[in-house]
Amino acid sequence: MMYWDGNMGAWGYVLMVVSFILFWGAVIAAIVLFARSMSPGNRGRGSNGPGGSAAEDLLAERFARGDIDETEYTARLAALRRARGA
């Protein structure tokens, strides 16, 4: 390949364009995935903050939406915390 004359042909250019797109797509995907994993709002994989749990977060969301009242919220929250402590 020391004396390459630059005559790749049509398939050579197609392969070059496809590999260029795949390479930069992989680089961009890696950056996006890294940024999403480092974001403080990442709740999907067990990172619920100090002292919190996914069940407590779900219970708080239900209370905020009005699905449950305050007495049911406090009773269920106490039950969750007792079960976690045991």
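**Helix pairing and side-chain contacts**

Helix α2 has 12 residues and runs 17 Å from its first C-alpha to its last, close to the 16 Å expected at 1.5 Å a residue. Here a helix is a DSSP run of H or I with at least four residues, a strand is an E run of at least two, and both are numbered from the N terminus. The expected span is just 1.5 Å times one less than the number of residues in the helix. All of this comes from a predicted model, in which local features need pLDDT of at least 70 and side-chain atom pairs count only at pLDDT 80 or more, while totals for chains, interfaces and linings use all residues. Residues are numbered from 1 along each chain as its sequence is written, and side-chain values use heavy atoms, with hydrogens and water left out.

Zooming out, the protein holds three helices and zero strands, so its pattern along the sequence reads α-α-α. Buried residues make up 8% of the 86 residues. The labels work like this: buried means under 20% relative accessible area, exposed means over 50%, and partly exposed is what lies in between (1.4 Å probe, protein chains only).

Next up is how α2 sits against α3. The two helices pack at an angle of about 180°, with their axes 10 Å apart. That makes α2 roughly antiparallel to α3. For these values, axes are lines fitted to C-alpha atoms, for helices over the stretch in contact, and angles run from 0 to 180 degrees between N-to-C directions. Angles under 35 degrees count as roughly parallel, over 145 as roughly antiparallel, 65 to 115 as roughly perpendicular and the rest as oblique. On the α2 side, the contact (heavy atoms within 4.5 Å) is made by A55, E56, L59, A60, R62 and F63. On the α3 side, E70, Y73, R76, L77, L80, R81 and R84 take part. A55, which belongs to helix α2, is partly exposed, at 36% relative accessible area. Although A55 and L80 are 25 residues apart in sequence, their C-alpha atoms are 7.8 Å apart in space.

Charged side chains come next. Side chains of opposite charge can pair when their charged atoms come close. A search of the whole structure turns up four salt bridges, each one a side-chain nitrogen of Lys or Arg within 4 Å of a carboxyl oxygen of Asp or Glu. One of them joins R81 and E56, at 3.4 Å from N to O. R81 lies in helix α3 (residues 70-85) and E56 in helix α2 (residues 54-65), so this pair ties together parts that are 25 residues apart in sequence.

Another salt bridge links R65 to D67, with the closest N and O atoms 2.9 Å apart. R65 counts as exposed, at 54% relative accessibility, while D67 is partly exposed, at 45%. Then there is the pair of E72 and R76, whose side chains meet at 2.6 Å, N to O. Both sit in helix α3, four residues apart, so about one helical turn separates them. E72 is partly exposed, with a relative accessible area of 28%, and R76 is also partly exposed, at 38%. Salt bridges with shared partners also join E56, R81 and R84 into one network.

The aromatic rings give two pairs. Rings of Phe, Tyr and Trp (its six-membered ring) pair if their centres lie within 6.5 Å; planes under 30 degrees apart count as stacked, over 60 as edge-to-face and the rest as tilted. The rings of F23 and W24 have centres 5.0 Å apart and planes at 80°, so this pair is edge-to-face. F23 is partly exposed, at 48%, and W24 is partly exposed too, at 41%. The rings of F63 and Y73, on the other hand, are stacked, 4.7 Å from centre to centre with 20° between the planes. This pair links distant parts of the chain, with F63 in helix α2 and Y73 in helix α3, 10 residues apart. F63 is partly exposed, at 33% relative accessibility, but Y73 counts as buried, at 18%.
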